[in-house]
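Please open the structure in your viewer and keep the selection tool at hand.

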Amino acid sequence: MRCIIQYSRILDFTRTSYQNHFHMHPCMLWYGMAVLCRWLATSVLMLGGPQKTLGLVRSACITVHTLGVRHGQLFCTTPDTLSSRHAGSDASNLRSDFLHLAEKFGATPAQLNRWAEAVERCSQSAKAQSRIAMNRCGEVEAVHHDEWLAAISRLSQLCYGVEADVLTSQQACALVSRQPEYLCRLPSIVAEDEDLGVIAVNKPWDVRMSNKDEPQWQGEISMQGWLGEARPATRSEEGHVRFVHNLDFATSGVLLAATSHEAAAYLSLLFRERRCLKMYAALVFGWPEWEHRNVTDRIQINQRRFKQRVSKGGKKSHTEAFVAARGWLRFAPHRGRRATLVWLIPHTGRRHQLRLHMAHIGHPIVGDFTYAGDAGCYRTFLHACAIRLPRPDARAAELLTSHPAPSLEIFAPLSPDGWKSLFWTNAPIASPAIWRDAAATALGRDLYGATRVP
């Protein structure tokens, strides 16, 4: 019995560690290589014991990945060649290169046009956000340029998957055709505050914070690399970007970086003392019977496993959930399925807290492979849409005036187009009482009709 338990644990570790160590979407996993690692675990379990087996499995995963990268370089665009090839190219040339690469998947002319239109929509949305946030015409045009580069990079990722036999060209073509938003993934700066010394970035989904060793797939963008080039002032003396908090690989939204050592110390203190108010938008399956709910189930943190669980012996956890609107999903394979747009406010910061809590109460997040078993979506629909930061003199001002001191509020709108093309509702969007302009600012005033405040 003990051997069976250890064997099961090793198999689960093999799957989760490979999937999450290399941060790949479920559809991009090397299933055949995972089987190889499992065979390795089976072979050495009796000889080396579970601890030695886990180490060998990890080494095998890294070896397989290295061989895969070398193999992919024969067929796919590398980060260096990607940037050098398109240096100085305008948007029309990038569009041509994008269509040329897309033809490798066997897409029809009609499909190619829809793919290109999706990138154009993302580009226009990013350009509008850039105008509002930065009001600099030169950077607005650069956004359009980078959006096509990001789309080319995404197709390069699919190319890598096809050549590595992770999926077929037909499957890749079907994925993009069903959900063309897959192509839209570009970081953008949404706010800067010189007094606080903070720069806020809208992080895309499925983007790592940093590339520690080498890109996991060809043309990969990391937040460290992107923001370090876009805003060198955020780099420390050691060359690292001063991020003051993290977002999961699958989560998009507001990400903060400091422009000085002093600003980084102050902002980090705010997060440690939980004086920052964060709000997330999420699409969850089903229609909740409640409008507002506090979820306080304890979470058992396991550093050796990716998937966490609720347990009475776990750490205190608190998530506040508000229903924004009930509606239906508008994309395959979930078209017509009931879903709800919710606002989530974490009052603690446990690993996978929002995803686990929503799954635990029966409404898992759409696209969450780990807690919902949903492998049919191109992303996990969890977005950090807003953050509220107190200014350094906030406490003193509140003591003197007995009124809440002004704070810095930063919004990262949902992309693309406030998820309008993905979620439909015939009801106005409700904002939580503690953030009354959430719907209007994070989603857009004209996307779903008039907003209301409960």
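Is Phe 381 buried or exposed? Phe 381 is buried, with a relative accessible area of 0%. Here, buried means under 20% relative accessible area, exposed means over 50%, and partly exposed lies in between, with a 1.4 Å probe and protein chains only.

**Before continuing**

The model is predicted: local features need pLDDT of at least 70, side-chain atom pairs count only at pLDDT 80 or more, and totals for chains, interfaces and linings use all residues. Residues are numbered from 1 along each chain as its sequence is written, and side-chain values use heavy atoms, with hydrogens and water left out.

**Stop 1: the whole protein**

Display the entire chain. The protein contains 13 helices and 12 strands; helices (H or I, at least four residues) and strands (E, at least two) are DSSP runs numbered from the N terminus. Of its 454 residues, 54% count as buried. The protein exposes about 21,000 Å², of which carbon and sulfur atoms supply 53%; accessible areas come from the Shrake-Rupley method with a 1.4 Å probe, and for residues only the protein chains shown count as cover. Among contacts (heavy atoms within 4.5 Å) with a separation of 6 or more, 68% join residues 24 or more positions apart.

**Stop 2: Phe 381 and its surroundings**

Select Phe 381, which is placed in the loop between H11 and strand E10 (382–390). Leaving aside neighbours within four places in sequence, Phe 381 is in contact with Ala 281, Ala 282, Leu 283, Phe 331, Ile 365, Val 366, Trp 419 and Leu 422.

**Stop 3: the nonpolar cores**

In soluble globular proteins, nonpolar side chains tend to be buried together. A nonpolar core is a set of buried Ala, Val, Leu, Ile, Met, Phe, Trp, Tyr and Cys residues joined through side-chain atoms within 4.5 Å. Select Phe 98, Trp 115, Leu 155, Leu 158, Leu 183, Trp 343 and Phe 381, which have the most contacts inside the largest nonpolar core, a set of 59 residues. Helix H6 (residues 137–163) gives the most to this core, with 7 residues. Apart from this core lies another, of 28 residues, including Met 223, Leu 255, Tyr 280 and Val 284.

**Stop 4**

Select helix H7 (residues 169–178), whose buried residues are Ser 169, Ala 172, Cys 173, Leu 175 and Val 176. Seen down the axis of H7, these buried residues fall within an arc of 160°, so they line one face of the helix; the arc is that of the directions from the helix axis to the C-beta atoms.

Next, select helix H10 (residues 353–360). Because 6 of its 8 residues are buried, H10 is largely enclosed by the rest of the structure. The buried residues of H10 are Gln 353, Leu 354, Arg 355, Leu 356, His 357 and Met 358. After H10 comes Gly 362, whose phi is positive, near 95°.

**Stop 5: salt bridges**

How many salt bridges does a search of the whole structure find? The search finds 6 salt bridges, each being a side-chain nitrogen of Lys or Arg within 4 Å of a carboxyl oxygen of Asp or Glu.

Asp 368 counts as buried at 1% relative accessibility, and Arg 355 counts as buried at 7%.

Then select Arg 326 and Glu 291, whose side chains meet in a salt bridge (2.9 Å, N to O). These residues are 35 residues apart, with Arg 326 in strand E8 (residues 319–329) and Glu 291 in the loop between strand E4 (277–285) and strand E5 (292–295). Arg 326 is partly exposed, with a relative accessible area of 23%, and Glu 291 is partly exposed at 45%.

**Stop 6: Thr 234**

Finally, select Thr 234, in the loop between helix H8 (223–230) and strand E3 (252–258). Thr 234 counts as buried at 0% relative accessibility. Its side chain reaches the backbone oxygen of Arg 231 at 2.7 Å. Not counting residues up to four places away in sequence, Thr 234 touches several residues, among them Ile 199, Leu 227, His 240 and Ala 257.

Note on methods:
A polar contact is a pair of N or O atoms within 3.5 Å; within protein, one must be able to donate a hydrogen and the other to accept it, and residues adjacent in sequence count only if both atoms are side-chain atoms.
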